[in-house]
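Trainee: I've never looked at this one before. Can you walk me through it?

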Amino acid sequence: MSNAASDQGKAIKRRGVCFVISAPSGAGKSTIANALRASEPKLRHSVSVTTRQPRPGEKEGVHYHFRTMAQFEEMAAQGELLEWAIVFGRGYGTPRAPVEEALNAGYDMVFDIDWQGHQQIRAALPDDVVSLFVLPPSLKELERRLHSRASDHPDEIARRMAAARDEISHWREFDHVVVNTELDRAIFESRAVLTAGRLLTRRQTGLADFVQTFGA
């Protein structure tokens, strides 16, 4: 392929994808999302708002926007959050404006959020969401992974395990499902889902202009 032809193909404009990854805590959604962010130049991270305290190494505006519960509730009331939820007594939400700006500019956004957040984002942006649910290979393995996190208190692990079955029951609401038995394979399959979402005909907003160059 000549450079001119290659440049023409790259010039096709498209609207960005909201790639939503959900899973019970410990199944690997954040690890998969971080791996995609590291390898996909058109994939942008949505920095969430949370009311929990920072974990060691987490930075304001990089990992989360850390806010008080009063500040969080005010943002939700003003419509500044695309989705939000109270999980284990802590608020989590997605700022609306950065997401809409990124999609309009052709950038993709990845969200590692729970099933409730997925429902809200799909309701707000129904034509933009491509969703993926990550399952653990078993509940026993899920519990083992949670115990391997040094930062999680045993009481919190127990709460997360108690919630896991309810979270898993929402798997049918998602466009795609990956079982995270082997991490590299799960990342590969997740990237395939993202690529397919990008190539949807309706998402390539510049495709009609490009096809006209063929006289079709």
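Mentor: Two strands pair if DSSP finds at least two bridges between them. Helices (H or I, at least four residues) and strands (E, at least two) are DSSP runs, numbered from the N terminus. The model is predicted, and local features need pLDDT of at least 70, side-chain atom pairs count only at pLDDT 80 or more, and totals for chains, interfaces and linings use all residues. Residues are numbered from 1 along each chain as its sequence is written, and side-chain values use heavy atoms, with hydrogens and water left out.

Trainee: Okay, take the open sheet of five strands: which are its edge strands?

Mentor: The order across that sheet is β2-β7-β1-β8-β9, with parallel pairing. An edge strand here pairs on one side only. That picks out β2 (43–45) and β9 (176–179).

Trainee: What does the twist from one strand to the next average there?

Mentor: Angles run from 0 to 180 degrees between N-to-C directions, using axes fitted to C-alpha atoms (for helices, over the stretch in contact). From strand to strand, the twist averages 25 degrees.

Trainee: Which residue in β7 is the bridge partner of valine 20?

Mentor: Strand β1 covers residues 18–22 and strand β7 covers residues 108–112; four bridges pair them in the parallel sense. Across from valine 20, the β7 partner is phenylalanine 111.

Trainee: At about what angle to β9 does helix α8 run?

Mentor: Helix α8 (residues 183–198) lies across β1, β2, β7, β8 (129–135) and β9, where contact means heavy atoms within 4.5 Å. Relative to β9, the helix runs at about 165 degrees.

Trainee: Now the sheet of four strands: why does one side of β4 and of β5 lack a neighbour?

Mentor: The order in this open sheet is β4-β3-β6-β5, and the pairing is mixed. β4 (64–66) and β5 (81–87) stand at the edges, so one side of each has no neighbour in the sheet. The reason is that each has a single partner strand.

Trainee: On to helices: how many nonpolar residues are in the contact of α6 with α7?

Mentor: The axes of α6 (residues 139–147) and α7 (residues 154–168) come within 11 Å and cross at roughly 145 degrees. Leu139, Leu142, Glu143, Leu146 and His147 of α6 meet Ile157, Arg160, Met161, Ala164, Arg165 and Ile168 of α7. Ala, Val, Leu, Ile, Met, Phe, Trp, Tyr, Cys and Pro count as nonpolar, Asp, Glu, Lys and Arg as charged, and the others, Gly among them, as polar. By class, the contact has three charged residues, one polar and, for your answer, seven nonpolar.

Trainee: What about α2 and α8: how many polar residues does their contact have?

Mentor: Their axes come within 10 Å and cross at roughly 60 degrees. Thr31, Ile32, Ala35, Leu36 and Ser39 of α2 meet Leu183, Ala186, Ile187, Ser190 and Arg191 of α8. The contact divides into six nonpolar, one charged and, as asked, three polar.

Trainee: How many salt bridges does a search of the whole structure find?

Mentor: Side chains of opposite charge can pair when their charged atoms come close. A salt bridge is a side-chain nitrogen of Lys or Arg within 4 Å of a carboxyl oxygen of Asp or Glu. The search total is 16.

Trainee: How many residues apart are aspartate 112 and arginine 37?

Mentor: Their side chains meet in a salt bridge, at 3.1 Å from N to O. Aspartate 112 sits in strand β7 and arginine 37 in helix α2 (residues 29–39), a link between distant parts of the chain. The separation is 75 residues.

Trainee: Is arginine 37 buried or exposed?

Mentor: Buried means under 20% relative accessible area, exposed over 50%, and partly exposed in between (1.4 Å probe, protein chains only). Aspartate 112, at 23%, is partly exposed. Arginine 37 has a relative accessible area of 17%, so this residue is buried.

Trainee: Last one: how far apart are the closest N and O atoms of glutamate 141 and arginine 145?

Mentor: Those two are four residues apart in helix α6, so about one helical turn separates them. Glutamate 141 also meets arginine 144 in a salt bridge, at 2.7 Å. For arginine 145, the closest N and O atoms are apart by 2.9 Å.
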